[in-house]
Amino acid sequence: MTAPSAVPSLGPSLGPSLGTGTALAVPDPDRVERDERLVRRRFWQKLRANLHRIPFLEDLLAAYFCATDPATPYRAKAILLGALAYFVLPVDAMPDWLLIAGFTDDAAVLAAAVQTVRANLTPAHWGRAKEVLRAETGAGDARTTG
């Protein structure tokens, strides 16, 4: 007996894939729009409130600039906005106020999103992230997830 070939749903903002082993889901436009409003409204406040607690600031900023870039393809934008919305939400799998592990789940979600859409993150997004990071932290060296 063979296992079913169906691939599970990719979450509330993405529909089910076609079961081909690749994620061919179409993002839900209403969810993407809600995610974008949430991210635009809360991103900078949460970032600034946690600057010295987030070790993946450069990736976070590059993802933000890519997600808000009109030239970014819709699917990549939807994936990044979902990850950024998870970051700004006050409640998630691991509360952000936990000292060591607080942003671990956020880092994992963001890393998966960035890896998925890496080809859409341009040198301009990374450069802008480094500039903003230097301005916000006053540091010469940007911190990244590697």
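Let me start with one residue. At 47% relative accessibility, R128 counts as partly exposed. R128 sits in helix α5. Now look across from there. The C-alpha atoms of R128 and L61 are separated by 8.1 Å. Along the chain, R128 and L61 are 67 residues apart. Keep that pair in mind. One caution before I go on: this is a predicted model.

Now the overall picture. The protein chain has 5 helices and 0 strands. Read along the sequence, the pattern is α-α-α-α-α. The chain has 146 residues, and 38% of them count as buried. Its accessible surface comes to about 8300 Å². Carbon and sulfur atoms hold 60% of that surface.

Next, the core. The largest nonpolar core has 37 residues. Those with the most contacts inside this core are F43, L60, L61, L80 and L84. Which elements give two or more residues to the core? They are α1, residues 29–49, α2, residues 57–67, then α3, α4, and α5, residues 123–137. The largest share comes from α3, with 10 residues.

On to α2. Is this helix enclosed or open? Of the 11 residues of α2, 11 are buried, so α2 is largely enclosed by the rest of the structure. The buried residues include the charged positions E58 and D59. Also among them are Y64, F65 and C66. What do the buried residues of α2 pack against? They pack against α1, α3, α4 and α5.

Start with L60. Setting aside residues up to four places away in sequence, L60 touches F43, L47, I54, L84, F87 and L110. F43, like L60, is one of the residues with the most contacts inside the core.

A63 is buried, with a relative accessible area of 0%. Leaving aside neighbours within four places in sequence, A63 is in contact with L80, L84, L110, V114 and L121. The C-alpha atoms of A63 and A129 are 66 residues apart in sequence, with 8.7 Å between them.

L80 lies in helix α3. At 0% relative accessibility, L80 counts as buried. Which residues does L80 contact, neighbours within four places aside? The list is A63, C66, A67, A113, V114 and V117. L80 and F65 are 9.8 Å apart in space and 15 residues apart in sequence.

That brings me to the packing of α3 on α4. Helix α3 covers residues 74–88, and helix α4 covers residues 104–116. Their axes are 9 Å apart, and the packing angle is about 170 degrees. How do the two helices run relative to each other, parallel or antiparallel? They are therefore roughly antiparallel. The cut-off behind that call is an angle over 145 degrees.

Who makes the contact? From α3, it is I79, L80, A83, Y86 and F87. From α4, it is D105, D106, V109, L110, A113, V114 and T116. By class, that gives 9 nonpolar, 1 polar and 2 charged residues.

One more residue, this time in helix α1: D35. Is D35 buried or exposed? At 8% relative accessibility, D35 counts as buried. The cut-off for buried is under 20%. Its neighbours within four places aside, D35 is in contact with L81, G82 and A85.

To recap. The chain is built from 5 helices. The helix α2 is largely enclosed, since 11 of its 11 residues are buried. Helices α3 and α4 are roughly antiparallel to each other. And α3 gives the core its largest share, 10 residues.

Definitions and conventions
Residues are numbered from 1 along each chain as its sequence is written. This is a predicted model: local features need pLDDT of at least 70, side-chain atom pairs count only at pLDDT 80 or more; totals for chains, interfaces and linings use all residues. Side-chain values use heavy atoms; hydrogens and water are left out. Axes are lines fitted to C-alpha atoms, for helices over the stretch in contact, and angles run from 0 to 180 degrees between N-to-C directions. Helices (H or I, at least four residues) and strands (E, at least two) are DSSP runs, numbered from the N terminus. Angles under 35 degrees count as roughly parallel, over 145 as roughly antiparallel, 65 to 115 as roughly perpendicular and the rest as oblique. Contact means heavy atoms within 4.5 Å. Buried means under 20% relative accessible area, exposed over 50%, partly exposed in between (1.4 Å probe, protein chains only). Accessible areas come from the Shrake-Rupley method with a 1.4 Å probe; for residues, only the protein chains shown count as cover. A nonpolar core is a set of buried Ala, Val, Leu, Ile, Met, Phe, Trp, Tyr and Cys residues joined through side-chain atoms within 4.5 Å.
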